[in-house]
Amino acid sequence: MASSFTTTLADGITIALPKGRILSDALALLKKAGFGGDEVLADYSRKLIVDVPERRARFLLLRNSDIPTYVEYGAADVGIVGKDVLQEQLKDVYEPLDLQFGACRLVVARPRDYSRPADAVNWSHIKVATKYMRLAEDHFSKKGVQVELIYLGGSVELAPLIGLSDYIVDLVQTGRTLQENGLVEVEEIMHSTARLVVNRASQKTKYESIMHLVHQLRTYLS
Ligand SMILES: Nc1ncnc2c1ncn2[C@@H]1O[C@H](COP(=O)(O)OP(=O)(O)OP(=O)(O)O)[C@@H](O)[C@H]1O
Ligand SMILES: O=P(O)(O)OC[C@H]1O[C@H](OP(=O)(O)OP(=O)(O)O)[C@H](O)[C@@H]1O
């Protein structure tokens with residue numbers, strides 16, 4: 001069966017989508033723009049490749065953090081991924097569109113009753129748990145604060161509660177996760193929304209298809 005995946009949709013477009021929380025917004029926009037939608041959701045969680053030949057589109061369902069890699073190497077022509085991930089990974093891809101959904105912020109947070117001074121100038125050698133190693137490193141080094149970064153892949157808010165770290169750098173949207181775990185935001189690092197990213201070679205070899213997609217998505221952005 002694998003060969004059929006490589007022989008169909010030769011002149012179509014391969015779109016990498018993240019399986020997590022921005023999938024439904026991404027599919028809703030793609031559907032409005034005429035690039036499939038329900039077909040992908042119907043197969044979601046069972047298939048990792050979903051072909052929609054009548055739209056000349058192939059969807060890859062990937063981990064959020066893998067999207068830039070697939071697009072950079074041309075395994076997908078385009079992808080949808082959060083700006084936070086793009087800033088963290090700095091892959092060599094075009095980023096033509098802010099898709100406006102998936103809004104969140106990357107922040108520094110600490111326990112509400114933490115005893116160290118809130119002013120970063122007075123911090124010294126703090127432990128920071130995060131999934132965003134590069135962004136956290138950049139943030140603290142700009143302040144001249146020496147930090148020990150501890151990589152965690154999820155549930156980062158737990159780290160300061162059990163003494164693994166002093167601070168966290170993580171995403172916040174509603175603020176509920178921080179609040180329910182007794183943490184408070186102390187600094188904001190960046191805002192993030194979902195972006196369309198495009199492989200540099202595909203932008204040339206599939207110029208018309210990609211410009212059509214970009215145009216359609218731009219038209220249907222709310
Ligand atoms: N609480 C949130 N509210 C809104 N958007 C969010 C929130 N958390 C994350 N996002 C955005 O959605 C993207 C996908 O998040 P999601 O939680 O689905 O993936 P993930 O678990 O971080 O990815 P991976 O599986 O690769 O580690 C994030 O990169 C960010 O841009
Ligand atoms: O401000 P809120 O609306 O509460 O959202 C913030 C939470 O959402 C994300 O976690 P996610 O649910 O993706 O789980 P994770 O901790 O496994 O990454 C993020 O890492 C925060 O933990």
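**Helices, cores and a ligand shell**

Q: Which residue, with a positive phi near 85°, follows H2?
A: This is a predicted model, in which local features need pLDDT of at least 70 and side-chain atom pairs count only at pLDDT 80 or more, while totals for chains, interfaces and linings use all residues. Residues are numbered from 1 along each chain as its sequence is written, and chains are lettered from A and ligands numbered from 1 in the order in which they are written. Helix H2 takes in residues 23–32 (helices, H or I with at least four residues, and strands, E with at least two, are DSSP runs numbered from the N terminus). The residue that follows H2 with a phi near 85° is Gly34.

Q: Are the buried residues of H2 on the same side or on opposite sides?
A: Ala26, Leu27, Leu29 and Leu30 are buried in H2 (20 or more other C-beta atoms, placed from the backbone, within 10 Å of their own; exposed means 12 or fewer, and partly exposed lies in between). The directions from the helix axis to their C-beta atoms cover an arc of only 165°, which puts these residues of H2 on the same side.

Q: Which residues does Ala26 touch, not counting those up to four places away in sequence?
A: Ala26 is one of the residues with the most contacts inside the largest nonpolar core, which has 34 residues (a core joins buried Ala, Val, Leu, Ile, Met, Phe, Trp, Tyr and Cys through C-beta atoms within 7 Å). Helix H2 and strand E1 (13–18) are among the elements that give two or more residues to this core. With contact taken as C-beta atoms, placed from the backbone, within 7 Å, Ala26 touches Leu17, Ile80 and Ala194.

Q: How far apart are the end C-alpha atoms of H10?
A: The expected span is 1.5 Å times one less than the number of residues. The 14 residues of H10 should therefore span 20 Å, and this agrees with the distance between its end C-alpha atoms, 20 Å.

Q: Which exposed residues lie on the face of H10 turned away from its buried side?
A: Ile210, Leu213 and Leu217 are buried in H10, and because their arc is only 60° around the axis, they lie on the same side of H10. What covers them includes E1, H2 and E4. The face turned away carries Tyr207, Glu208, His215 and Thr219.

Q: Which element gives the largest share of the shell around ligand 2?
A: The residues around ligand 2, with a C-beta atom placed from the backbone within 6 Å of it, include Gly154, Asp170 and Arg176. Strand E9 (167–172) and helix H8 (176–180) each give two or more residues to this shell. The largest share, three residues, comes from E9.

Conventions: Two residues are in contact if their C-beta atoms, placed from the backbone, lie within 7 Å.
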